[in-house]
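Hello,

Here is the structure I promised to pass on to you. Have a look at it first, and then read my notes below.

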Amino acid sequence: MVYVLFGPPGAGKGTQGARIAAQYGVPTISTGAIFRDNVAAGTPLGLVAKDYMSRGQLVPDEIVVQLVKDRISEPDCAAGFLLDGFPRTINQAEILEVMLGEAGIAIDGVLDFEVGEDELVKRLSGRRTCSKCGATYHIVAVPPRQAGVCDQCGGALEQRADDMPEAIRTRLHEYQAKTAPVLAFYRERGLLREIDANASPDEIFAKVLAVLPTAAAV
Ligand code: AMP
């Protein structure tokens, strides 16, 4: 199965991606998470991506495309994968279409998580991420058992640099200007599955399962 998880920052792509991945046994390829790992490790890719990310801007297409190309050719992607945060521009969507076509892979669907802007700002500004395992929390909606400490691995929770108010504004603007047009691209191809994501993670997941094939059929 190959699905694209689509929607503005804070829509719940990461949370739902983790659940879908667990249910269907396919990896989630999160370009944002790969960049964050590279920034943390101080790799050349991380050094390039860091400035764009901390300002809330998109990393240039050619860098992201190469990263995805390398990742989907790894053996764990043979039975399928989820794309979280990619494609984010029409150019990326067109390149992905060619890339997958050459590999004989078809996208099964694009799950579009729709959330109002006020709710997105609330979610992003309260989000905390584990510095060790990447698990996400929200200071009000999904608090950890002990403030500042990850329930799963005991790592320290931190606020992403791009979840600060100025960067949030830029990211939402980038989404509207460059990413939202990708919706029409997938609508034209009959792949878009719209999901009202103004709900709890459990409720959203129920809606996701309703549009995905049953796990046994994959
Ligand atoms: P995310 O975790 O998906 O919100 O991504 C965090 C940041 O990584 C974004 O604000 C961008 O700076 C960068 N990024 C992630 N995916 C892409 C992409 N497909 N194209 C360009 N930049 C990206």
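**Salt bridges and the ligand site**

Asp163 has a relative accessibility of 0%, so this residue counts as buried. Please keep in mind that the model is a predicted one.

Let's stay with Asp163 for a moment. One of its salt-bridge partners is Arg171, and the closest N and O atoms of that pair are 2.8 Å apart. Arg171 is buried because its relative accessible area is 9%, and the cut-off for buried is under 20%. Asp163 also forms a salt bridge with Arg127, where 2.9 Å separates the closest N and O atoms. Asp163 sits in the loop between strand 7 (157-158) and helix 7 (165-179), while Arg127 belongs to strand 5 (residues 127-130), so this pair ties together parts that are 36 residues apart in sequence. Both Asp163 and Arg127 are buried.

Which residues belong to the network around these pairs? Salt bridges with shared partners link Arg127, Arg160, Asp162, Asp163 and Arg171 into one network. In total, the structure holds 15 salt bridges.

Another of the salt bridges is formed by Arg145 and Asp151, with 4.0 Å between the closest N and O atoms. Is Arg145 buried or exposed? Its relative accessibility is 72%, so Arg145 counts as exposed, the cut-off for that being over 50%. Asp151 has a relative accessible area of 29% and is therefore partly exposed.

Now for the ligand. There are 16 residues around the ligand, and those that come nearest are Thr31, Arg36, Gln57, Gly85 and Gln92. By kind, the shell divides into six nonpolar, five polar and five charged residues. Which element gives the largest share of this shell? That is helix 2 (residues 31-41), which contributes four residues.

- Thr31 has a polar side-chain atom 2.7 Å from a nitrogen atom of the ligand.
- Gln57 places a backbone N or O atom 2.6 Å from an oxygen atom of the ligand.
- Arg88 has an N or O atom in its side chain that is 3.0 Å from an oxygen atom of the ligand.

How much of the ligand does the protein bury? Taken alone, the ligand exposes 480 Å², and the protein buries 96% of that area.

After that, turn to the ligand and find Thr31, one of the residues that come nearest.

Enjoy exploring, and write back with any questions!

Best wishes

Note on methods. Residues numbered from 1 in each chain as written. Predicted model: local features only at pLDDT ≥ 70, side-chain atom pairs only at ≥ 80, totals over all residues. Heavy atoms only, no water. Near = heavy atom within 4 Å. Polar contact = N/O pair within 3.5 Å; in protein donor to acceptor, adjacent residues only side chain to side chain. Areas by Shrake-Rupley, 256 points an atom, 1.4 Å probe, with all protein chains shown as cover. Helix = DSSP H or I, 4+ residues; strand = E, 2+ residues; numbered from the N terminus. Nonpolar A, V, L, I, M, F, W, Y, C, P; charged D, E, K, R; others polar. Salt bridge = Lys/Arg side-chain N within 4 Å of Asp/Glu carboxyl O. Buried < 20%, exposed > 50% of the residue type's maximum accessible area, 1.4 Å probe, protein only.
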